[in-house]
Amino acid sequence: MRFPSKTRSRKIAGAFYEGLCAGIALLTLVALAWLLAGIARGGWGTVTWEFLTQPPDNGMTAGGIFPAIFGTVALTLLMILLSLPLGVSAAIYLTEYAGPGMAARVVRAAVNNLAGVPSIVFGLFGLGFFVLFIGRGLDAFLGEKLLFGQPAMLWAAATLAILVLPVIIVSTEEALHAVPASQREAAYAMGATKWQVLSRVVIPQARSGILTGAILGVARGAGETAPILFTGCAYYLPRLPVAQIPGTPIWMINPLDQFMQLSYHVFIMSTQSHNPTLVRPIVFGTALVLVTLTFLMNLGAILWRRRYRRLREQARG
Amino acid sequence: MDKGIPLDNSLAGGRHPIVRLRASEGLSARRRRQALLDWLVEKYFAAAGGVAILFILLIFMFLAGEGLQAFRTIDPMRFIGAVTENVITEQTEFTHTWQPVSEVPKYSLLPLMAGSALIAIPATIFSGLVGLACGIFLSEIASRRLREIVKPGMELLAGIPTVIIGFFILVSVASLVQDVFHTTRRLNAFVGALGVSVVIIPTIATLVEDAMRAIPREIREGAYALGATRWETIRRVLVPSGMSGIAAALILGMGRALGETMIVLMVTGNAAVLTFDIFKSIRTMTATLAAELGEVAQGSEQYHALFLVGLVLFVFTFFLNMAAEIVISRMRRRLRL
């Protein structure tokens, strides 16, 4: 009898290759864990309350990273304010208006292409378009000497906003697709116009999906370095990028100021410092803060998305 | 009725003739107002949809506008190489170097392109193999529960900021690699390719998984009915059927690898010399831009040369993205039939 033994060898070979695939997949998770553990171990001793709340000191070799944390939060806030309305609107166009025609295909191709543009090219574009073209143009128009035409948080946020646009568009699209067609049809049957259906039925139901997209976008934007290299990031800034609104006691983020940022801080301190070994603990600490921020945001978005996907499946039965 | 519609309220100021009809509000007037609102809203959303196209065009125009000006002052031959005098042998020779800040600026793009290729090609091959295995595992082998652990793990890996990966390689992996391979340079193209792989493995794995999942169930069932084991089905039926999706994943991964900036800037050693040795220090197009654009005077010769590098980079990745787009849409159409 040769058949059974051949079947067995085929099964053994199959099990071997399947095990190989599983092993490789698990190895990537091990790599992730190794990376996280390495950063955590290196930064654990550095991250204290003082480290989080104090500015750098002693020529950047001591002190904390508070300005970088503040700058990162302010920058991503400004970015999402610019990016979210545009991204959600574009996604609404794609799912609700465009249909399967040529126009939709071109827009979709452009969105996918935008997602693949190298981040440093966004930096180049931000410098050329926002800082030099729009900024200098505004200065010339308003008769200012140099107000808008220099690297600033506003331009960095605008550059990042274009970069995260595809992230927001894709997740909003997914959220809109998830709203059952029957809901729309019921609203139409009651005489609602298209805009009424959208604003009162579709968008409210897609809200949590849109929120997920916004969080993913913020996490992505907070970790990017290349686009802000030339558009507003500062190596060291003795003050926070805030300004008092004239005539009031209210302080607000000043989008025309430069800023410090966590990922840029990691980059510059690990490569350009004149005493790399002395500042290494600071870099590890900064890296740990940055990783924790982005990791938690991504994890939150993933868990949240999984929850509402499950709810949706249950609703469908 | 009017409460929930923001645009409606702004129109109620009475600037538009149709809205002014409101005083003598009848059913038909209200309908017309709603129709107008609907029309305006549609135009607004269409405009928002066009924004992605606008930005792609703007990026291209700005890079081309600044980059092509480099040809006004720099002879095109100098982007390939230049005749220089060797300081040691004192003989003239034709060299390929990128050295914009020197007595005679040298603008050869070849070392930068070779550097980018030396990162992108090995990274694509390595992460192609790993990503293929991960994609197959996620779509065909893993149980639902295992998948729900591995998949978020991949997504989290994709969400780690690249500067963190660069830093981690700089402080620990690079020395490890040097100990294993006994290289003369601690920071070299191999280490860079390794770091870039970490970034693109999740991309490739996700796309491969999507491609495998798009294959109809009947094809799997047909293979099982013929007596194939699960692995034989994967190997002989599913991988060939999903080949175009896998190809698209590799193309997109390569585009990402070409565009990756922070990792290669931090760990490849930044030596802009023409080499094809993966254990030598190199410098990619992206790293050159990141390192030099901050210190260059706007409108200078080097400034335009750098934008030209950016243009080359953009065009490369644009064509890779378009190729992947076409392959994927073909596959979708074929599978739907």
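Trainee: Why are H7(A) and H8(A) called roughly antiparallel to each other?

Mentor: In this predicted model, the axes of helix H7 (residues 181-189) of chain A and helix H8 (residues 194-205) of chain A come within 10 Å and cross at roughly 160°. Angles over 145 degrees count as roughly antiparallel, and therefore the pair H7(A) and H8(A) receives that label.

Trainee: Which residues make up the meeting of H7(A) and H8(A), and what is the hand of their crossing?

Mentor: From H7(A) come A:Gln183, A:Arg184, A:Ala187 and A:Tyr188, and they meet A:Val197, A:Val201, A:Val202 and A:Gln205 in H8(A). By class, this contact has five nonpolar, two polar and one charged residues. H7(A) passes H8(A) in a right-handed crossing.

Trainee: Which residues of H5(A) and H6(A) meet?

Mentor: In H5(A) they are A:Ser119, A:Phe122, A:Gly123, A:Phe125, A:Gly126, A:Phe130, A:Val131 and A:Gly135, and in H6(A) they are A:Trp155, A:Ala158, A:Thr159, A:Ile162 and A:Leu163. Taken by class, the contact of H5(A) with H6(A) has eight nonpolar, five polar and no charged residues. The crossing of H5(A) and H6(A) is right-handed.

Trainee: Why are H10(A) and H7(B) called roughly parallel to each other?

Mentor: This pair joins two chains, with helix H10 (residues 262-271) of chain A and helix H7 (residues 162-181) of chain B having axes that come within 9 Å and cross at roughly 25°. Angles under 35 degrees count as roughly parallel, and therefore H10(A) and H7(B) are described in that way. Their crossing is left-handed. In H10(A), A:Ser263, A:Val266, A:Phe267 and A:Ser270 meet B:Val163, B:Ile164, B:Phe167 and B:Leu170 in H7(B). By class, that contact has six nonpolar, two polar and no charged residues.

Trainee: How many residues of chain B are in contact with chain A?

Mentor: On the side of chain B there are 73 residues, in contact with 72 residues of chain A. Helix H3 (residues 27-67) of chain B gives the largest share of the side of chain B that touches chain A, 20 residues. That side of chain B has 49 nonpolar, 17 polar and seven charged residues by class.

Trainee: How do you know that B:Gly153 counts as buried?

Mentor: B:Gly153 lies in helix H6 (residues 144-158) of chain B. The criterion for buried is 20 or more other C-beta atoms within 10 Å, and B:Gly153 has 20 C-beta neighbours inside 10 Å, so it counts as buried. Leaving aside its neighbours within four places in sequence, B:Gly153 is in contact with A:Leu29 and A:Leu32.

Trainee: What makes B:His182 exposed, and what is the class of B:Asn270?

Mentor: B:His182 has 8 other C-beta atoms within 10 Å, and a residue is exposed if that number is 12 or fewer, so B:His182 is exposed. B:Asn270 has 18 C-beta neighbours inside 10 Å, which falls between 12 and 20, so B:Asn270 counts as partly exposed. B:His182 is placed in the loop between H7 and helix H8 (189-213) of chain B, and B:Asn270 in the loop between helix H12 (262-267) and helix H13 (285-292) of chain B. Phi is positive at both, about 50° for B:His182, which is not a glycine, and near 55° for B:Asn270, also a residue other than glycine.

Notes. Residues numbered from 1 in each chain as written. Chains lettered and ligands numbered in written order. Predicted model: local features only at pLDDT ≥ 70, side-chain atom pairs only at ≥ 80, totals over all residues. Axes fitted to C-alpha atoms, helices over the stretch in contact; angles between N-to-C directions. Helix = DSSP H or I, 4+ residues; strand = E, 2+ residues; numbered from the N terminus. Parallel < 35°, antiparallel > 145°, perpendicular 65-115°, else oblique. Left-handed = near helix turned anticlockwise from the far one by under 90°. Contact = placed C-beta atoms within 7 Å. Nonpolar A, V, L, I, M, F, W, Y, C, P; charged D, E, K, R; others polar.
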